[in-house]
Amino acid sequence: MLQATFAGVKNLLIGMGVTFRNMLSKPVTLQYPEVKRTMPTRYRGRHFLNRDEDGLERCVGCSLCSINCPVGCIHVVAAENDPENPVSKGERYAEVYEINLLRCIYCGYCEEACPVDAVVLREHYELADYDRDNYIMEKQDLLVYPEPNEFRVNVLGNTERVNK
Amino acid sequence: MSDVTLTIDGKTVTVPKGTKVVDAAKQVEVDIPVFCYHEKIGPLGCCRMCLVEVEKMPKLMTACTMDVAPDMVVKTVGDKVEKAQKGVLEFTLLNHPLDCPVCDKGGECPLQDNTFKYGPPDTRMEFHRANNVKAAPLSPVITIDRERCIACQRCTAYSERIEQDRGLVMLNRGFHNEVNTFNNEPYDNRFSGNVIDICPVGALTNTDFRFKARTWDLENHDTLCANCGCNCNITLGTRLNEFMRIEARPNDAVDDGWICDKGRWGHHFMESKNKITAARENSVGKTEPTSFPNFPINAPAEQAAEKVIEIFKNIAEEHGPESIGFLGSPYATNEEGYLYQKLFRLLGTNNIDHKSYQDTPGLPIRHFDVEEIENSNIVLLIACDPTEELPILDLRIKKAVSRCGTKLLSLNDQDTALDKYAELKVKYKVGSEASAVDALAEGLARELGESIDFSSDLGPTGISDEDMKSLVEAVRSSMKICVVYNPAALSGDTSLRVKRLLSVIARIPTIECGAIPAAPATNAVGAVDMGLLPDFYPGGVPVSDSEKVKELWGENAPTKPGLSASEMIAKAKSGDLKALWIHRSNPVVDFPGGEQVVEALKNLDLLVVHDMLETETTQLAKIVLPSNGPGFDEGTTTNIGGRVQARRKALEANSIDDWKLIQVMLKKLGDESSYSRVAKVLNEISQKVPGYQEINSRFVGKQGCNREQVAGEEVSPGNVESAASSNGKLQLRVATYLFAHDKILDASSKLAYHFKPSSAFLNESDAGKIGVSNGDRVSISGNGTEMEAEVTIDNRCMEGGVVVPRISDEQGVNGLGNPDGSPAWVDIKKA
Amino acid sequence: MQEYKFTEEQEKEISRILAKYPVKTSALLPLLTLVQRADRVVSPEAMVAISKKLDVSPAYVQSVMSFYTMYHTEKVGKYMILFCINISCQLNGCDKLLEHTARKLNIKVGETTSDEKFTLHREECLAACTEAPMMRVNDTYYGNLTEQRIDQILESLD
């Protein structure tokens with residue numbers, strides 16, 4: 001009887017051991033949306049269009065992203081640059097650049113295909129919305145390029161937004 | 001020619017002697033990379049890309065310049081060849097900029113493809129690439145990027161061998177070598193655009209298409225050019241239902257791989273703002289016809305058409321079927337023409353026509369394909385100026401003369417650009433073509449020993465006896481002759497006389513002969529074949545042959561000859577014709593008569609115009625119906641060589657297709673045939689139209705097929721009437737100018753730089769009599785109208801005539817002509 | 001563009017040249033030489049005139065003309081000095097002599113003096129290595145050059 005009780009307590013302690021261990025360890029879940037997760041730098045989230053050092057658009061409207069896209073969610077219409085007022089370096093730029101984020105599968109092939117490193121997939125994953133129309137990203141939406149590492153890990157090991 | 005057997009990469013191939021190794025390799029699917037070689041231009045040996053190893057030859061050889069030889073053993077792979085290919089490509093790419101993402105050629109670039117396949121993985125070049133001029137205009141429609149040029153000389157060879165005017169050349173030497181024109185002048189001629197297609201890199205690009213789309217974004221539609229009777233094959237690239245560009249689609253039987261600039265840049269009318277998009281009623285004309293129901297505003301075209309055809313039926317019942325008429329279009333497809341003539345013959349009238357000149361279906365001799373020009377040893381041009389009327393025919397004739405040993409004879413009333421290729425040029429006086437043609441026929445008949453008297457008279461033609469004799473001799477001694485004549489440029493019944501001449505030629509036993517009726521309009525041959533004529537049913541069945549007509553077209557088919565276009569206009573003026581339907585035609589500008597035509601059309605009770613663009617005639621119409629036109633429509637057209645080809649839909653239109661619209665009207669009139677697709681109309685054509693038995697959509701395919709001979713009637717034109725006294729007046733010859741400023745090429749056209757001011761070409765002696773010199777402004781008056789022109793004295797025509805090219809719609813040169821189509825006399829005074 | 005007129009003598013010379021060739025186009029180089037000698041330049045107007053004589057396109061005339069370095073699109077001086085700069089001459093100090101000549105004429109290499117008397121050009125081998133350094137003035141070769149000799153030559157030309 002005593003022996004059985006002892007064994008039961010022992011087993012209980014073994015079981016609770018897992019619980020106690022986890023009580024003291026860092027939590028896996030986060031208090032989203034107050035706390036946000038830092039994504040790995042190579043995470044493929046929302047698309048952005050880069051600018052170069054002079055502030056010109058990098059995209060030359062070559063459409064390689066759109067032809068490489070396995071789901072056909074990118075639409076590019078190019079136009080000729082005005083040499084006086086160039087939008088991008090080189091002879092042409094993308095007059096229209098649209099990505100349908102609903103259709104996108106975030107495979108990153110567009111980034112892979114881009115010869116001028118213009119289109120990139122960043123760590124932004126908060127893409128929920130109430131309106132389907134908002135998922136058609138136009139050029140002005142894509143050119144709003146955020147600071148890298150918008151989120152950081154605080155002393156408590158939780159993520160928070162960097163204050164600008 | 002004897003055949004040669006050789007081995008290429010272990011594969012045995014037998015080809016005709018004289019074939020280049022490159023072409024022989026193609027036959028056994030061995031790929032030899034090239035830049036400078038083009039099968040239509042011929043060998044150059046400039047780019048060195050095609051180096052191959054030939055057994056028993058010490059060095060690598062260029063496959064594009066080397067003729068095949070018996071038992072030759074060619075190796076296109078192996079270390080030696082691969083090293084050479086890598087080396088050549090490394091050199092070619094030394095200064096070639098890496099702007100493929102920006103380049104319009106990207107995606108269809110032989111340099112990209114060859115580099116990918118044979119090239120070195122990267123360059124050993126450590127220095128800066130040479131900088132050169134980027135994106136300079138070579139002409140208003142071609143952009144040249146000198147950095148991208150690899151100096152393969154394809155374009156300059158094209159200019160030398162195909163266009164044969166050497167407008168584009170290589171200037172300077174060595175490193176400074178560049179493709180350019182004389183003194184940096186724009187490179188513009190009728191065929192300049194082809195250099196864009198043949199450039200193996202992105203050096204020569206289409207300014208109009210520049211950066212509009214990447215090539216892989218385009219939807220390419222294999223269709224036909226709609227600008228002249230050659231019906232060249234084109235690829236029409238669209239993106240998201242928008243027109244992007246046009247490229248040549250090689251078809252040896254039609255265009256030999258080239259298209260003219262009007263074909264390449266002259267299709268912007270498809271997106272013109274003058275396009276008629278909806279049916280409408282104009283508030284013009286006399287009081288409304290009694291039977292006029294309320295025309296629904298903004299009704300779809302098919303509803304409007306249903307109503308209008310009912311009115312036509314009522315008018316035909318009220319005033320008899322002779323009181324309605326139909327003016328068809330030589331620009332529409334065969335299907336549209338066929339259905340329209342069916343519709344109006346169902347209404348009981350034969351008042352159907354499509355032209356202002358005389359012409360009949362069929363030929364007394366073989367209808368030659370355009371390709372036959374190359375293996376004829378004589379080509380006889382009658383009143384034909386292919387350079388302006390049918391540009392690709394011009395290239396074909398140049399090719400035949402310079403490469404195939406064909407001799408060119410020209411019988412014309414004006415000088416043309418092709419004259420310098422002519423072996424013999426016989427010029428007759430303007431307006432005397434009937435006598436000239438008769439004299440030639442009579443001369444040939446006499447040689448045959450036939451005692452035929454056409455009572456021809458060389459007197460009024462101004463041709464010397466000698467010239468006529470040598471022309472007769474040249475024709476008689478030919479082995480194979482191809483007569484190319486332009487019925488639209490022949491006044492009165494001369495086209496019938498040409499047919500009589502053809503039947504005389506056919507009787508010469510030693511000659512293989514054929515003819516090409518080369519009217520400039522897109523589907524002039526098809527319109528005649530489809531029976532858009534007052535006296536012929538489709539396939540050249542004369543209306544008088546009531547037995548056959550009844551057999552083919554039913555008991556009620558009208559068998560009384562109808563009115564021709566000019567007669568209809570005369571009857572409209574006198575009030576006998578009550579209602580007229582015009583399909584894609586602009587008689588106010590294009591028919592002789594001008595003001596008289598306007599008056600006549602205004603006098604109609606009901607004028608319906610079914611057209612694609614707003615014209616002077618649509619302004620006069622009571623009802624305007626939208627037609628979609630080239631790019632939007634589908635069907636077949638028959639080119640000058642009798643080849644039936646498919647014009648395919650490239651863009652989706654908002655309004656109903658023309659053939660469907662006519663079908664709606666046919667149904668309204670109680671016709672039982674129903675066509676689910678346009679191919680079904682073609683099926684019916686093949687059943688009902690003699691000559692088209694073999695034609696069906698599968699057979700037509702992408703390359704088209706020749707129709708059978710359409711039967712021709714024996715013609716017997718009367719004697720030439722003696723011309724009216726001149727009284728110091730001059731005979732008018734309206735010449736064609738390819739880039740006329742009309743509805744097709746409007747002011748916003750890319751080819752607007754070709755537009756010319758109005759000019760009159762005079763003979764020295766006439767100019768002396770009138771007292772004008774080069775550059776003077778003159779007023780030309782005739783038939784109650786007047787127009788201005790600038791004088792050029794260059795003896796383009798003989799004394800007593802004046803050549804006025806039709807350069808725009810506003811110019812109104814056709815207004816000087818007589819409405820009945822007889823030769824016009826004009827007065828010229830210094831303005 | 002103005003019309004270019006050949007003088008009567010030139011016309012005679014042209015018909016003499018044309019008679020020599022079975023194919024008209026072959027007379028292109030002699031005609032260009034004729035014009036270059038007379039005008040010391042081949043102007044676009046002259047090219048058009050030649051193209052009309054030979055029934056070829058003006059572009060073709062320009063293409064041939066621009067290939068050869070001895071036809072000039074800018075007017076050259078009365079005396080065309082061609083300085084050989086190839087290996088034999090270079091070893092014998094042609095660079096210095098060229099510099100001397102340029103300084104003496106007060107022009108840069110490739111330029112013409114303001115009085116249109118001298119034009120100075122570099123030339124790859126003139127095929128007279130035995131007399132290096134050497135130069136050519138119009139049709140005359142001058143070998144074994146020294147600075148003094150160049151001065152003498154230039155003064156003797158007027």
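Chain C is divided into two parts: domain 1 spans residues 8-67, and domain 2 spans residues 79-156. The model is predicted. Taken over C-alpha atoms, the centres of domain 1 and domain 2 of chain C are 29 Å apart.

**Overall layout**

Chain C has seven helices and four strands. Along the sequence, they follow the pattern α-α-α-α-β-α-α-β-β-β-α. The C-alpha atoms of chain C fill a box of roughly 50 × 30 × 25 Å along the principal axes. How much of chain C is buried? Buried residues make up 27% of its 158 residues. Now take the contacts in chain C with a separation of 6 or more: 58% of them are accounted for by residues 24 or more positions apart.

**Helix α3 and its cover**

Helix α3 of chain C covers residues 44-54. Which of its residues are buried? They are A46(C), M47(C), V48(C), A49(C), I50(C), S51(C) and L54(C). An α-helix has 3.6 residues a turn, so residues three or four places apart point the same way. What covers the buried residues of α3(C)? The cover includes α2 (28-39) and α4 (58-67) of chain C. Just after α3(C) comes D55(C), which takes a positive phi of about 65 degrees.

**The sheet**

Four strands of chain C form an open sheet. Their order is β2-β1-β3-β4, and the pairing is mixed. Which strands lie at the edges? They are β2 (118-123) and β4 (140-142) of chain C, and each pairs on one side only. From one strand to the next, the twist averages 25 degrees.

Strands of a sheet pair through backbone hydrogen bonds, either parallel or antiparallel. Strand β1 (residues 79-84) of chain C runs parallel to β2(C), and six bridges join the two.

| Element of chain C | Residues |
|---|---|
| Helix α2 | 28-39 |
| Helix α3 | 44-54 |
| Helix α4 | 58-67 |
| Strand β1 | 79-84 |
| Strand β2 | 118-123 |
| Strand β4 | 140-142 |

Methods:
Residues numbered from 1 in each chain as written. Chains lettered and ligands numbered in written order. Predicted model: local features only at pLDDT ≥ 70, side-chain atom pairs only at ≥ 80, totals over all residues. Domains from an automatic or database assignment. Pairing = 2+ DSSP bridges. Axes fitted to C-alpha atoms, helices over the stretch in contact; angles between N-to-C directions. Buried ≥ 20, exposed ≤ 12 C-beta atoms within 10 Å, placed from the backbone. Contact = placed C-beta atoms within 7 Å.
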